[in-house]
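Thanks for asking me to look this one over. Here are my notes, as numbered points you can follow with the model open beside you.

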Amino acid sequence: MLQKLTDGGSEKAANGLPLTAHPEILPFDVENQPILKSSQLKYSYPGQPEISFPDFVCDRGGHLLITGNSGTGKTTLLHLLSGLLRVQKGDVEIAGKNLKDFSQAELDRFRGRHVGLVFQQPRFISSLSVIDNIGAAQYFGAGKSDRSAALGLLESLGIADKASKPTGELSGGERQRLAIARALAAKPAVVMADEPTSSLDDENAELVYNLLARESSDYNAALVVVSHDGRLKEKFQNRVEL
Ligand SMILES: Nc1ncnc2c1ncn2[C@@H]1O[C@H](COP(=O)(O)OP(=O)(O)O)[C@@H](O)[C@H]1O
Ligand SMILES: [Mg+2]
């Protein structure tokens, strides 16, 4: 498996930046591939009816919104796309790699390196400071931490003054910014966010969307948002409805 992934690999990660760690699993050819592709995907939890998902693609650096009412499977889909849940039926490809071909350990590593997840209820390592939470994500994703890059991220998200604070001292809005910073820490090819704006008023929803869009673009990462928040629809040209 590892050998197969190495064959024909380039020297650059999906975001065009040089690779520094885990070279045996990282290189992939993104030139002629969508960054994300889902086909014939279906999933069922034990004892529950099967959920069928529509086919879609997202190009490198593109933005995709997946909408649907509560309970239609948005979170499930995000977990399938990011490899947190194993694909049962159908296919998910990231930059041409079918997630079915990965072992669980490879999948975890692939996700750490190439996918930045913004969870609905972000959890941080409470024994570490804000900046060290970024450092940990850099380490797990890219194999080394980079304090000045971490500080740069916190600066661009407006929370650099909290760098040495414990995460427990952050406000809700600051936690959300830290979640975005952490998702970008390993310079992923795709950022995936679950309901990032649903609990926010108009002003803050706009702010968080703008941060996600700007920061993803700065890192040349594709952005996939799942949400039932109708306010986001006008922001995305590429939309899929569940
Ligand atoms: N861990 C689970 N075990 C069993 N059923 C689940 C689990 N997670 C979600 N479901 C069910 O799967 C369906 C889709 O859930 P979810 O993906 O969370 O939807 P959404 O994010 O759109 O609200 C719902 O009917 C939900 O009850
Ligand atoms: Mg959900």
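1. A term to start with: a residue is buried if 20 or more other C-beta atoms lie within 10 Å of its own, exposed if 12 or fewer, and partly exposed in between, with C-beta atoms placed from the backbone. Please keep in mind that this is a predicted model, in which local features need pLDDT of at least 70 and side-chain atom pairs count only at pLDDT 80 or more, while totals for chains, interfaces and linings use all residues. Residues are numbered from 1 along each chain as its sequence is written, and chains are lettered from A and ligands numbered from 1 in the order in which they are written.

2. Is Lys187 buried or exposed? Lys187 is buried, because 23 other C-beta atoms lie within 10 Å. Asn220, also not a glycine, has a positive phi of about 55° and lies in the loop between helix H7 (202-218) and S9. Asn220 has 15 C-beta neighbours inside 10 Å, so it counts as partly exposed.

3. Now the overall picture. The protein chain has seven helices and 10 strands; these are DSSP runs numbered from the N terminus, helices being H or I of at least four residues and strands E of at least two. Of the 242 residues in the protein chain, 39% are buried. Two residues are in contact if their C-beta atoms, placed from the backbone, lie within 7 Å. Among contacts between residues at least 6 apart in sequence, 69% join residues at least 24 apart.

4. The largest nonpolar core contains 59 residues. Such a core is a set of buried Ala, Val, Leu, Ile, Met, Phe, Trp, Tyr and Cys residues joined through C-beta atoms within 7 Å. Leu154, Ala181, Val190, Val191, Met192, Ala222 and Val224 have the most contacts inside the largest core. Helix H6 (residues 172-184) gives this core its largest share, six residues. Leaving aside neighbours within four places in sequence, Met192 touches Leu78, Leu81, Ser82, Val115, Leu117 and Val224.

5. Next, helix H3 (residues 104-114), where Phe110, Arg111, Arg113 and His114 are buried. The buried residues of H3 pack against strand S5 (89-94), strand S7 (115-118), helix H4 (130-142) and strand S8 (190-194). In a regular strand the side chains alternate between the two faces of the sheet. In S7, Val115 and Leu117 point one way and Gly116 and Val118 the other, all of them buried.

6. On strand pairing: two strands pair if DSSP finds at least two bridges between them. S7 and S8 pair in the parallel sense over four bridges, with Gly116 bridged to Val191 in S8. Four of the five residues of strand S4 (residues 63-67) are buried. S4 runs parallel to strand S9 (residues 222-227), joined by five bridges, and His63 has Leu223 as its partner there. S4 also runs parallel to strand S10 (residues 238-241), over four bridges, and Leu64 partners Asn238.

7. Finally, which residues are around ligand 1? They are Tyr45, Gln48, Gly68, Ser70, Gly71, Thr72, Gly73, Lys74, Thr75 and Thr76, where a residue is near a molecule if its C-beta atom, placed from the backbone, lies within 6 Å of it. This shell divides into one nonpolar, eight polar and one charged residue. Here Ala, Val, Leu, Ile, Met, Phe, Trp, Tyr, Cys and Pro count as nonpolar, Asp, Glu, Lys and Arg as charged, and the others, Gly among them, as polar.
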